[in-house]
Amino acid sequence: MEIDVRRIAELSKLELKEEQVEMFQKQMQNMVDMVEKMPEVAELEAPLDRNNAMILRKDEIHSSLRREDLLKNAPQVEAGCFVVPKVVE
Amino acid sequence: MEIYELSASDLAKKLRAKELSASEITKSVLSRAENTEEEVGGYVTLTSEKAMETAAKVDEKIAAGEEILPLAGIPIAVKDNICTKDLRTTASSKILSNFVPPYNATVVEKLEAQMAPIVGKTNMDEFAMGSSTETSYVKKTHNPRDLNRVPGGSSGGSAAVVAAGSATVSLGSDTGGSIRQPAAYCGVVGLKPTYGTVSRYGLIAFASSLDQIGPFGRTVTDTAMVFEAIRGRDKKDATTAARTYESLVQNLETPLPKGTRIGLPKEYFGEGVDEEVKEAVHAAAQLYEKAGMELVEISLPTTDYGLNAYYIIASAEASSNLSRFDGVKYGYRTEEYGNLEEMYCRTRSEGFGDEVKRRIMLGTFVLSSGYIDAYYKKAKAIQRGLRQEFVDAFQKVDLILTPTTPDTAFTLGERSDDPLKMYATDICTVTLNLAGLPGISVPCGMGKSGLPIGLQLISPWFEEEKLLRAARFYENEIGGFPGVASL
């Protein structure tokens, strides 16, 4: 399967430097060539482990982290909100 | 013997006998870190002050005649993808270089409840993607057994500091071998628990269905002590199994019954595995046989496609998990941008390293319209086939024994330009993550160049006790593992 690394980068929200495109194209092609060698196998049911069940928590309201603590790591904050470039023209 | 060379179990005894104080222990380990860090480079952040404060509290408790928990006063290092409240947690990435978590991971809460002094945060491959710790944005880590060589990865820092004596035990994370492979390369013990045993709350996600936190130690008992302290159901992680656990460490000395069947899967001893590794692992198998256990040749044919399925599934999940890094909520944001789209793309392109970009792109590709059936769905089918093979194998055997890695530690830079060669070191370990199985790597002698070889033991799901008892048996038989590296 031949891949188009520019297109994949675009879908991944990544910009590749022009001088890196060739390297990534080659490496990604090798990776895809490696992983695609897989035999056809019958689809098995994913078994459920009843003895070690995973339990979802109840949909209840609990106190959590404080808003100001959560916003401390944001690059830009104003009036308790994240700031991003204008989206709507 | 210096204090920093002692095992956690010995330190725990000496603390209780008042032969050593927690402050003396932590001080010794911290000064070892100061003396070795320049050469080893295992830490991203050292937290000496906080560690000494915790140690002082342990000493107060002992002085007051109060009971202390098993890890109280035992210096521990934590991989830098495990969130620590008010302490920078970078996942060794530029994109998180300024991230200070407002909360603790559940495992960190448990260590704090134990009063284990956390000595620092350890270096790793960026976002745990790599097998040598060389993809770290922060620095290179050197293998304490041979400073020209890599410590393995991705938990290379956590393995290296335990081998160097600059931590007594540590925590790492294992998505495809990231605990077991560096344990093998650094000559220490590393345990990847059954998926769902240890809470992932606060672990920076790489591939959520495969990631599992686990311990490193220089002895099996030390590794088991940490495991016992961190496991258990957590309401904050719905994938932790709802079960109760029997106490563990006290049972490690009970030998496995005669007639225990140990499977040797032929696919793990094939081409691509170094002769010296095969010999060392076979010699270990013979020790079990001599003690009255039965060796059984088995076959797990789907293993041959384990790497393929692993890189597809892990990368697919990574591409989704890492979409949260967009320069809005936390982490790095690019300086120049005209609009939102440009901000996303530049932030991510400047913030992620090349290996992370490759995995995101591979994951995006295998999930993209037109390719998902041929790649992702096929890989999931192989994963289920592989799991079924293990279920069937464990009808015939009680434990499985393999090499941890096909080789010993390679030199820094040797494989950096060849991703596929780097991925090949995971061939014996990825299958356990795909199946959710527990596995332990223990040192199994030295190769010709004086580098440690790793032996991997695998048990059925949630049977870590059997696994650790088998590992403890081997440790005893060979008269103990290499201790702290001389540096």
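The model is predicted: local features need pLDDT of at least 70 and side-chain atom pairs pLDDT 80 or more, whereas totals for chains, interfaces and linings use all residues. Residues are numbered from 1 along each chain as its sequence is written, chains are lettered from A and ligands numbered from 1 in the order written, and side-chain values use heavy atoms, without hydrogens and water.

Helices (H or I, at least four residues) and strands (E, at least two) are DSSP runs, numbered from the N terminus. H8 of chain B comprises 16 residues, 275-290, and its first and last C-alpha atoms are 22 Å apart, close to the expected 22 Å (1.5 Å times one less than the number of residues). Among its buried residues are Val277(B), Val281(B), Ala284(B), Leu287(B) and Tyr288(B). Gly292(B), which follows H8(B), has a positive phi near 95°.

Chain A has the pattern α-α-α-β-β along the sequence. Its radius of gyration is 23 Å, well over the 12 Å given by the globule rule for 89 residues, so chain A is more spread out than a compact globule (C-alpha atoms; the rule is 2.2 Å times the number of residues to the power 0.38). The C-alpha trace of chain A spans about 50 × 50 × 25 Å along its principal axes. Of the 89 residues in chain A, 28% are buried.

Key. Buried < 20%, exposed > 50% of the residue type's maximum accessible area, 1.4 Å probe, protein only.
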